[in-house]
Amino acid sequence: MADKPVAIVVLAAGQGSRMQSDLPKVLHRLAGAPLIGHALSVARTLEPEQVIVVAGHGADQVTKAAGRIDPEARIVLQSEQLGTGHAVRQALPELEGFEGKVVVLYGDTPFIGEETLAVLAAHPSDLVVLGFEAEDPGRYGRLIVTGRGLEQIVEYKDADAATRDIALCNSGVMALDASLLRQLIVRLTNQNASGEYYLTDLVALARAEGRSTDVVTCDEGETLGINTRAELAAAEAAFQDRARLRALENGVTLCDPSSVWFALDTVIGRDAVVGQNVVFGPGVTVESGAEILPFCHLEGCHVSSGATVGPFARLRPGAELGGDVHVGNFVEIKNAVLDEGVKVGHLTYLGDAHVGEHTNIGAGTITCNYDGVMKHRTQIGARAFVGSDTMLVAPVRVGDDAMTGSGSVITEDVPDGALAIGRARQATKPGLATRLMAALRAKKEAR
């Protein structure tokens, strides 16, 4: 955390035309989260007093997404996209009276690290820019540094040949004192090759005022911005490689690391085992010692220590698995709590349910939770035995130590310790199958 109070401004107004999409660029997903979610996530590690998102293209969609990710974030509108300096200026009303450091981040730059951001925010200079040594500087803005610190940022379009040979490049991320920002940003002009108000011009203005300016450098990979679908795919690959390595370093066994996919917020405890072709969607926690077998998909769920999931299982949002629970192949769990020791071996759907400890759920069991209008809950007690192919028509309760007969349709509560059988009576017609098949064959031969 920085010594001074911190405010974050996240620029998220651009259209991202090179994405070839109707969706605002910052809402394209990386590791299961919108790009802007990555920026907002790292921003909160600084414990800022304020987070301000500058929206523009698709502002309604960006506002809704940012609100879900960070309900405390404030949204301001850049109705015309006239450059980064113009975008930051839209945040000034929200910064009125704030005294501290303002850090400017970008909604399409997802990999800025916590440590890098902390160094940037704590830097003593009045204005500090995040830079990197580029393997291929390309069209990045160049940082002109002397013994007195950062002298100037020159955009590629405005750079001469000698300047373009410089490898130290501008990431766009910047931190500066709020009072300095208010003083200088109103003095920006658009007298440049693009006709835009560059935030980078603040450096020269600050130097002219005798203020200190400097550069903090980071690995080039942290500054990766997303402008095309190809870059988004490359960023996904980079994220997954880092997430897999981090999991291995933290004591998680990945049987085939390259086939496991993580989300931004996946949490897995040490000594957990993850099989091949497992996908973790957003909001998953797997405790130490749990095992996720191959070909499972998990999202918005919690798996306790000692539990086993899969193979070929799906845990949907709201699934809560207690210790030593077993969820087997082709089982789907949604918005359901399974207490300690529950066994759900195969071919079952449990939705909007609570299953008590050490209960066994037979194959083919379904909680019929939706009546076409509303969802209803099923309560299954402790140590119950639900027979194979049982349909539990919610709302319904199966008591502690109760049983249901295989093939039953349960529409009424089952008391503790009771056995419920809800089948239609079987009728057997001797010889009828033979006669029907003969009639069908004769009809077919007559055609």
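Helices (H or I, at least four residues) and strands (E, at least two) are DSSP runs, numbered from the N terminus. The model is predicted: local features need pLDDT of at least 70, side-chain atom pairs count only at pLDDT 80 or more, and totals for chains, interfaces and linings use all residues. Residues are numbered from 1 along each chain as its sequence is written, and side-chain values use heavy atoms, with hydrogens and water left out.

**View 1. Cis peptide bond at Pro-395.** Ala-394 and Pro-395 are joined by a cis peptide bond with omega of about 0°. Pro-395 is placed in the loop between β29 (391-393) and β30 (396-398).

**View 2. Cis peptide bond at Pro-311.** The bond from Gly-310 to Pro-311 is likewise cis, and its omega is near 5°. The loop between β20 (308-309) and β21 (314-315) holds Pro-311.

**View 3. Positive phi at Gln-20.** Gln-20, a residue other than glycine, has phi near 55°. The loop in question runs between β1 and β2 (29-30).

**View 4. Crossing of helices α1 and α2.** The axes of α1 (residues 35-44) and α2 (residues 59-69) come within 10 Å and cross at roughly 40°; axes are lines fitted to C-alpha atoms, for helices over the stretch in contact, and angles run from 0 to 180 degrees between N-to-C directions. α1 is therefore oblique to α2, where angles under 35 degrees count as roughly parallel, over 145 as roughly antiparallel, 65 to 115 as roughly perpendicular and the rest as oblique. Ile-36, Gly-37 and Leu-40 of α1 meet Val-62, Ala-66 and Ile-69 of α2 (contact means heavy atoms within 4.5 Å).

**View 5. The largest pocket.** Its volume is about 1,600 Å³, the space filled by probe spheres set on grid points joined across faces, edges and corners. Of the 40 lining residues, Lys-25, Thr-84, Tyr-106, Asp-108 and Asn-227 are the closest to the centre of the largest pocket. On a 1 Å grid over the protein atoms alone, where a 1.4 Å probe is used, a pocket is an open set of points with protein on both sides within 12 Å along at least five of seven lines, and lining residues have an atom within 4 Å of a point. β10 gives the most to this lining, with four residues.

**View 6. The second largest pocket.** This pocket has a volume of about 500 Å³. Among its 15 lining residues, Ile-112, Glu-114, Phe-239, Arg-246 and Leu-264 are the closest to the centre. α8 supplies the largest share of the lining, five residues.
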